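Dear colleague,

I am passing on the structure we spoke about, so that you can look at it beside my notes. Please read the notes with the coordinates open.

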Amino acid sequence: MGLLESFSTQLTQCFGSTSPPVFVFLQQIINGLVLGSLIGLIALGYTMVYGIIQLINFAHGEVFMVGAYGGLATFTYLLPTFAAREWYIALPLVLLGGALISVLVAVAMERFAYRPLRNAPRLAPLITALGVSVALQEAVRVFYPNATAALPFPNIFVPGSLSFSVGGGDIAIKYSGILLLVVSLVLAIALQIFVDGSRMGRAMRATAQDRDVARLMGINPDRVIVLTFVIGGALAGIGGVLYGGYLNNINIDMGFQTGIFAFTAAVLGGIGSIRGAVIGGLLIGLVKSLGGQCLPGGTAYDYVWIFVVLIVVLVFRPQGFFGETERVRA
Amino acid sequence: MSRKRTVVATAAVLAAALVLSACGTNRTEAGGGTGGQCDTSKGTLVVGMIAPLSGGLSALGLGMRNSAQLAVDQANQNCTVPGYRLAFQAEDDQATAQIAGQAATKLSSDPNVVGVVGTLNSSTSQSVQPILSGKQIVQISPANTNPTLTLGQDPTGSPERPFPGYFRVATTDLVQGPFGAQYLVQKAGKRNIAVIDDGKTYGAGLAEEFAQEAAKLGATVVAREKVGEKDTDFAGVITRIRPLNPDAVYYGGEYPVAGPLSAQLAAAGLNVPLMGGDGIVDKQFVALGGRPGDFATNVGAPAANLPSAKAFTDAYAAANFAEPFSAYGVLTYDATNVIIEALARVVGTGTFDDSRRPALIDAVQQTNLDGASGKVAFDQYGDTTNKLLTIYSVQGDDFAPVETGTFQES
């Protein structure tokens, strides 16, 4: 009774005409889309690696984190002051620096941690991935200056927010949030086109379907796998830098938490599917922000709803949204 | 063959991970001064510390470590404890209750540990208290402010001291929360306040005390929200409170969340000051996004304004520590000296062993010390009798004191 009552008051709070007004609802949708697009971007790395070598690369969240620190290092140590002031110079360079570090880490991880275990039982690389994740986090903590605490991240895009009136109030979106949303979606679409259309994309799909037969067709699976890690790493690195620029601070835990959400997004969307990862990410972002607004408990329980949705979806569709029809396209 | 290699490779990666994490977590600082010409024939006794030396709160924890180190070094120079050399051992709790418990077990298994200074977080003390208390090791916290640690489950109704060996030189949230509310409502004139906390022992308790006093003073608590202590994106909670038009936000928690939260409030168009407790008083708050005009309360008075703290700040500067003594330096220095001074009284001309531990706890209870923070003495619950607090406000890139006062019930 009590629970039901609080549920219904919360729901009228959300959709009713009284309080809060429509603009709050719209603002939460925007919040959710920005966060969701980032989660989707990271989820691409999980889904591609799983598609090719059936490994849940738990260290992928750390690749995202390392990218953010790589971007920060580029800004702090490599950019001359005049370049740091102009975003159109700073942004591409910082993105490049972050992506480069992430790619290096991802490729090294594949070469030294996963490739030796390619034919081992599947549990071995999985545990290794957890080990790599801890090792990367601790490495950044020990070796990056002052990384024991959260670090401020500079503005690398137009500062301030886009603000407009709608539905009885003002909506504010940080420009860096718009950038995050747009870049994430563009990269995801570009990846889908690449995998569907290019020669290398076809090689990736072939390797995903059957590595041995792909080798008989003249494809070098090692090259394909490295390429997968390169793409996943670059996307995660770009995500890390954009996220840092959006929130203006980074810490060594950010990869773990975002990684868990991204992994959830990949599972929701159907692991192996590019489209599924992005849609799963957006769904998680929306569930978090709207759940925090409309459901009982407020933002204290917003993570709970994400996993409630995961469980409900997996009960009815264990393969995720796009798991079967579009399986392992990357 | 391949299987064997696999196992070896997995083991190597795991071992590397373990070694790396061990580097990060178990930094132990052994004692400093050698004792000079003091008589140290009876051996070495250890003053322990449990504080976050790494992680988000390390700025505070490292200041605590250095301040305690300074007190121990001075005691060795002055031959404060007759016949003994003092060593100092700091354990990292990473602001995590479970790791703090491990640190407490480690310290309590060393028979030479006489007392422990720490912890920083109320939540970590909850796991440290029973372990140290089981071995009758005295614990003095310079920073725990949650009332239940000294007053039991019902601090205002029926206070009952849970651990006779636990003391603190910081005043509690029963005092700090209302003190902040009195300033924000009566002096700063804020009437509609949104209260947010991180759900931890310290933050939730402080926010609750604040909210009650603010309501009593006639302000409206327009929202009562929670965020996760590891959250970085607060868009959701800010969107919830914005239509309620608060003219101030109170946050119960620490600066790693409070700093970004303050910045994101402004970015979302909610340009109102944020106030917090002692957990946000650090330069890092501003570096992570705290804005000029944000407020904080802290226990004690600022070292610069305290004549009694002059000797401490001078000695700290002369010792050339790499980190500033931070928000809890003065109180940590006092807490360490309380243990050392009580130990000196208990040892006298005799020796220290396990049978003397109850006597040491008694001696700490009887403390009457002129410390760097002022008079240090404890009431029957182990709480400090010094109810001095200070309001700070962000100016430039750091907090600056606004006014210091003694808490008065409203």
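Predicted model: local features only at pLDDT ≥ 70, side-chain atom pairs only at ≥ 80, totals over all residues.

For chain A the pLDDT averages 90, and 92% of the residues score at least 70.

Turning to the contact between the chains, 49 residues of chain A are in contact with 41 residues of chain B. On the side of chain A that touches chain B, the elements that give two or more residues are helix 2 (22-53), helix 6 (123-143), strand 2 (161-166), strand 3 (169-174), helix 11 (254-269) and helix 12 (274-294) of chain A. Helix 6 of chain A provides the largest share of that side, namely 11 residues. Sorted by class, the side of chain A that touches chain B consists of 22 nonpolar, 20 polar and 7 charged residues.

Within chain B, the domain assignment gives domain 1 (33-171 + 305-378) and domain 2 (174-299 + 389-406). The centres of domain 1 and domain 2 of chain B, taken over C-alpha atoms, are separated by 29 Å, and the contact takes 18 residues from domain 1 of chain B and 19 residues from domain 2 of chain B. On the side of domain 1 of chain B that touches domain 2 of chain B, helix 2 (58-77) and helix 4 of chain B each supply at least two residues, and helix 4 of chain B gives the most, with 3 residues. That side of domain 1 of chain B divides into 8 nonpolar and 10 polar residues, with no charged ones.

Next come the sheets of chain B. An open sheet of 5 strands has parallel pairing and the order 2-1-3-4-5 (chain B), and its edge strands, each of which pairs on one side only, are strand 2 (84-92) and strand 5 (166-168) of chain B. Neighbouring strands of this sheet are turned against each other by 25° on average, direction ignored. Inside the sheet, strand 1 (residues 43-51) and strand 3 (residues 113-118) of chain B pair in the parallel sense over 5 bridges, with B:M49 standing opposite B:V117 in strand 3 of chain B. Helix 4 (residues 122-134) of chain B packs on this sheet, where it touches strand 1, strand 3, strand 4 (138-141) and strand 5 of chain B, and its direction makes about 155° with that of strand 4 of chain B.

A further open sheet of chain B is formed by 7 strands in the order 7-6-8-9-10-13-14, and here the pairing is mixed. Its edge strands are strand 7 (220-226) and strand 14 (398-406) of chain B, each pairing on one side only, and the twist averages 25° from one strand to the next. Strand 6 (residues 192-197) of chain B runs parallel to strand 7 of chain B, to which 6 bridges join it; the bridge partner of B:A194 in strand 7 of chain B is B:A223. Helix 9 (residues 255-267) of chain B lies across strand 8 (248-252) and strand 9 (274-276) of chain B, running at about 165° to strand 9 of chain B.

With best wishes

Notes. Residues numbered from 1 in each chain as written. Chains lettered and ligands numbered in written order. pLDDT = per-residue confidence, 0-100. Contact = placed C-beta atoms within 7 Å. Helix = DSSP H or I, 4+ residues; strand = E, 2+ residues; numbered from the N terminus. Nonpolar A, V, L, I, M, F, W, Y, C, P; charged D, E, K, R; others polar. Pairing = 2+ DSSP bridges. Axes fitted to C-alpha atoms, helices over the stretch in contact; angles between N-to-C directions. Domains from an automatic or database assignment.
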